[in-house]
Amino acid sequence: MDTPVQTRRTRWEQRTEPALIVAALVFLGAYAAPIIHPGISEGWRNACAATTLAVWALFGLDYLTRLALSGNRLRFIGRNIFDLIILVLPMLRPLRLLRLLTLLSIAHRVGAPKLRGRVVIYATAGTVILLGLSGLAITDTERGAPGAQIESLGDGLWWSITTMTTVGYGDLVPVTTTGRFVAAALMIAGIALLGVVTATFASWLIERVDESAKSQDATHELVQSLRQEIQRLNERLDAIGPRLADTAGDRDPAAPEAEARPVPDHRH
């Protein structure tokens with residue numbers, strides 16, 4: 001049963017979820033705009049930077065509020081270490097855009113109740129977010145660097161797909177230290193997501209096989225039960241057969257003659 005403290009925190013999380021989702025999407029737009037359109041004015045660029053900072057502060061406020069509403073704060077930190085890491089990572093420029101991964105935390109709160117449903121949500125959302133964010137990050141980092149091969153968002157997204165899927169054509173490679181950090185993070189995340197997808201599919205396949213086996217077992221048991229019932233009926237018929245024969249042999253032999261005797265004529 002939830003304590004009053006847990007109930008207050010749950011109410012807070014339920015009320016703030018829509019706002020946090022919108023804020024995360026706003027952050028994505030504000031971060032992506034200067035990368036997609038590098039020629040925007042300085043005023044718009046500053047506005048986008050201020051927006052990303054405000055969104056980060058909003059997520060920090062949400063984290064601190066949930067921490068204050070928790071009875072056991074150490075347990076809350078341990079169970080929500082992912083949120084804490086997201087708040088700390090923006091201090092590191094190479095991984096600053098990973099703030100948007102807070103969407104995964106929100107998906108955890110509103111996700112499917114079953115474990116497999118949550119895994120699917122995490123894998124799907126994580127794949128899309130990481131592909132988009134890594135494409136933006138590598139483009140922002142590599143563009144304009146000496147000897148850079150990734151100069152546009154299209155190049156960045158292509159590089160992200162080939163890197164995350166572990167294909168690695170090698171036609172586009174990062175040349176900056178920051179870009180290589182992003183590449184390392186993306187490769188690790190790609191392997192992890194691939195393992196999650198494989199494990200989820202294997203779990204689903206095993207469950208289907210188990211259900212099929214249980215169905216076959218139930219059918220086999222039903223057939224065996226019918227066979228036993230038929231065998232019992234045959235045994236009863238075999239036992240009743242001699243009795244019927246004895247009953248037929250004990251009948252009065254004169255009975256047929258009586259039945260055949262002519263009826264007297266009383267007309268005289």
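Predicted model: local features only at pLDDT ≥ 70, side-chain atom pairs only at ≥ 80, totals over all residues.
Helices here are DSSP runs of H or I with at least four residues, and strands are E runs of at least two, both numbered from the N terminus. Residues are numbered from 1 along each chain as its sequence is written, and side-chain values use heavy atoms, with hydrogens and water left out.

**Stop 1**

Select phenylalanine 27 and tyrosine 31. Both sit in helix H1 (residues 4–36), 4 residues apart, or about one turn of the helix. An α-helix has 3.6 residues a turn, so residues three or four places apart point the same way.

Now show the rings. Across the whole structure, a search turns up 3 aromatic pairs. In this one, the ring centres of phenylalanine 27 and tyrosine 31 are 6.2 Å apart with planes at 15°, so the pair is stacked. The criteria: rings of Phe, Tyr and Trp (its six-membered ring) pair if their centres lie within 6.5 Å, and planes under 30 degrees apart count as stacked, over 60 as edge-to-face and the rest as tilted.

Are phenylalanine 27 and tyrosine 31 buried or exposed? Both are buried; the cut-offs are under 20% relative accessible area for buried, over 50% for exposed and partly exposed in between, using a 1.4 Å probe and protein chains only.

**Stop 2: a pair across H7 and a loop**

Next, pick tryptophan 158 and tyrosine 169. Their ring centres are 5.8 Å apart and their planes are at 5°, so this pair is stacked too. The pair links distant parts of the chain: tryptophan 158 is in helix H7, tyrosine 169 is in the loop between H7 and helix H8 (177–249), and they're 11 residues apart. Colour by accessibility and you'll get 39% for tryptophan 158, which is partly exposed, and 55% for tyrosine 169, which counts as exposed.

**Stop 3**

Leucine 153 is partly exposed at 22% relative accessible area. Which residues does leucine 153 touch, leaving aside its neighbours within four places in sequence? Ile36, Gly135, Leu136, Thr139 and Arg143 are in contact with it (heavy atoms within 4.5 Å).

**Stop 4**

Select residues 42–68, which make up helix H2. Its 27 residues reach 39 Å from first C-alpha to last, close to the 39 Å expected at 1.5 Å a residue (the expected span is 1.5 Å times one less than the number of residues). The buried residues of H2 include Cys48, Thr52, Val55, Asp62 and Arg66.

Zoom in on arginine 66, which counts as buried at 2% relative accessibility. It forms a salt bridge with glutamate 13, with the closest N and O atoms 3.6 Å apart. That pair links distant parts of the chain, arginine 66 in H2 and glutamate 13 in H1, 53 residues apart. A salt bridge here is a side-chain nitrogen of Lys or Arg within 4 Å of a carboxyl oxygen of Asp or Glu. Glutamate 13 is buried as well, at 13%.

Arginine 66 also meets aspartate 62 in a salt bridge, 3.2 Å from N to O. Those two are 4 residues apart in H2, about one turn of the helix, and aspartate 62 counts as buried at 5%.

**Stop 5: a bridge along H8**

The whole structure has 4 salt bridges. For another, jump to arginine 232 and glutamate 229, whose closest N and O atoms are 2.4 Å apart. They're 3 residues apart in H8, about one helical turn. Arginine 232 is partly exposed at 42%, and glutamate 229 is partly exposed at 37%.

**Last stop: the cores**

Finish with the nonpolar residues. The largest nonpolar core has 14 residues, and Tyr31, Val55, Phe59 and Leu136 have the most contacts inside it. H1 and H2 each supply at least two residues of this core, and the largest share, 7 residues, comes from H1. Apart from it lies another core of 13 residues, among them Ala137, Ile138, Ala183 and Leu193. A core here is a set of buried Ala, Val, Leu, Ile, Met, Phe, Trp, Tyr and Cys residues joined through side-chain atoms within 4.5 Å.
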